[in-house]
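Hello,

Here is the structure I promised to pass on. My notes follow below it.

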Amino acid sequence: MAIDLKTVKHISKLARISLEEKKAEKLADDMNSIFEFIEKLNELKTENVEPLTSIAETTLRFRDDKITSDNIREKILKNSPEKNDDFFVVPKVVE
Amino acid sequence: MTEITSLSLFELIKNIKEKKISSNEAAKSFVDRSEKSKKLNTYVTENFENCLKLSKEFDNKPNFDLKLPGIPIAVKDLFCTNEVRTTAGSNILNNFVPSYESTVTQNIWNEGGILLGKLNCDEFAMGSSNETSFFGNVQNPIAKNLVPGGSSGGSSSALAANLTPVTIGTDTGGSIRQPASFTGTVGLKPTYGSCSRYGIVAFASSLDQAGPMSKDVKDSSILLEVISSFDKKDSTSIDFKRNNYSSELTRNIKGIKIGIPKEYRVDGMPGEIENLWKKGIEYAKDCGAEIIDISLPHTSYALPTYYIVAPAEASSNLARYDGVKYGLRSSGESLIDMYEKTRSEGFGEEVKRRIMIGTYVLSSGYYDAYYLKAQKVRQLIKKDFDDAYNKVDAILTPSTPSSAFKIGEKSNDPVSMYLNDIFTVPVNLAGLPGISIPAGRDKNNYPLGLQIIGKPFDEQTVLNIAYSMEEKINYKNNITDWWME
């Protein structure tokens, strides 16, 4: 099954990555050669196989519902590209 | 006396404990050599001044009970280091300075290690040649214009060039073992759940695992002992009794059963690799091991499975890079526009390719056909190993299907690049420990590695077999310092 340009553009929207037309064509080619290689899995019958979701066969641990860090507001804001006092700033969302 | 930088970690520790070398002398030697080795492009961020300062502080108040007393160590730039820039080889994290420390690096500092700097790697650890890094190619010290492997390519290069006594990498599909094989060094990927993933920039969470890289097997056992620990901060960290890997290290492997999987004889494998493997089997026999032919029938499905599972997990993990809380931000007319431009400008080609594959296989209508299918095949691959381990204690294979290739040779063909990991990927899918040790050379005199795969949590047996075979193989890297003026 070939991945066409329209699909590549749809996926890039879902992945929130803007794509130029030329790059999209190259990406479609790359994805097709990778998926050709992936299609090999269809040789295997797997109806009765349980999917492996985690290699560590443990149930997730619960932790106590306690605050373990001090006031780290400044540390968290330190790396933000744009901030205003105590907030992360993003382009305007509502009109 | 031998130069400080060419000592093994074990020898360096011994000299420091016996006060023949101070921590500051060691730090100076590695900083000096690193300064002269910029052509290799191993460092993304240097921590030289701070390292020299901390080594002096260590010498003023030494503690020789520590496992890494005043030892300078450079680490892969995928580990978050408090107040030291951490980029993961990506433009999107070019200016990121973490305010916390990864558990694995914290364990190293707690035992007296001192950060030398952060080492180059493929962007978000996605690559097999270090060519996807935003910070450029890394040179392999073995020969000019040769890739050092990847993704831990800065680590393998710095180690082989004697810029750091040991280092740590991460391995999602072979990223420790393949670069070790390409540079004539030792690289160990521990069992999934051994070393905490906390503070490691995430690629594929069900596969990622940190591990030691060193000049010999004993050094890896010393470093593994330091970095392997149960950690509440990683939900998949496993609380098991860890060995004292270095003190329990032994060359006595008499009677140990080593399996040889016939499916690893892949089409088109160079004769040199086949011969290396045959020689490896003879070495293992000489060490007293019993050789048993085994079958891992689903081996050829491992790479296709990996190239669904890893990109799927990566596309989820990398969704966090949106230009809001940290990292690069590009300007956009709206919030969505800002996201799309930030991610387009911040990520490199290979990372985008994998995010796209991952998004596609997880998208509505394709999940069952790809992701669920891959998880089922992953179960079959794991079962192959479970069955084999009813008969054998460990498995011996080549580490890679070829030696190191030239820079640029494979960068335009993603599938041929992916084939590099054909022998290492099954080990990640099954969560097993695996080590690569240097075992010989090809016709160009480039190093070739052998891989020993163990049972879950049985790093000790893997290390013991490697330690025993290493003595018989007696491989020595021949580094000419060609990059120095």
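First, a term: two residues are in contact if their C-beta atoms, placed from the backbone, lie within 7 Å. This is a predicted model, where local features need pLDDT of at least 70, side-chain atom pairs count only at pLDDT 80 or more, and totals for chains, interfaces and linings use all residues. Residues are numbered from 1 along each chain as its sequence is written, with chains lettered from A and ligands numbered from 1 in the order in which they are written. Helices are DSSP runs (H or I, at least four residues), numbered from the N terminus.

Start with α1(A), residues 5-14. A:Leu5, A:Val8 and A:Lys9 of this helix meet A:Ala24, A:Glu25, A:Leu27, A:Ala28 and A:Met31 of α2(A). By class, that contact has 6 nonpolar, no polar and 2 charged residues. (Ala, Val, Leu, Ile, Met, Phe, Trp, Tyr, Cys and Pro count as nonpolar; Asp, Glu, Lys and Arg as charged; the others, Gly among them, as polar.)

Next, burial. A residue is buried if 20 or more other C-beta atoms lie within 10 Å of its own. A:Val8, A:Ile11 and A:Ser12 of α1(A) are buried. They fall within an arc of 100° seen down the helix axis, so they line one face of α1(A). Their cover includes α2 of chain A and α11 (349-362) of chain B.

Now the chain pair. 40 residues of chain A are in contact with 51 residues of chain B. α12(B) gives the largest share of the chain B side, 10 residues. That side divides into 23 nonpolar, 16 polar and 12 charged residues.

Best wishes

Terms used:
Axes are lines fitted to C-alpha atoms, for helices over the stretch in contact, and angles run from 0 to 180 degrees between N-to-C directions. Helices (H or I, at least four residues) and strands (E, at least two) are DSSP runs, numbered from the N terminus. A residue is buried if 20 or more other C-beta atoms lie within 10 Å of its own, exposed if 12 or fewer, and partly exposed in between; C-beta atoms are placed from the backbone. The arc is that of the directions from the helix axis to the C-beta atoms.
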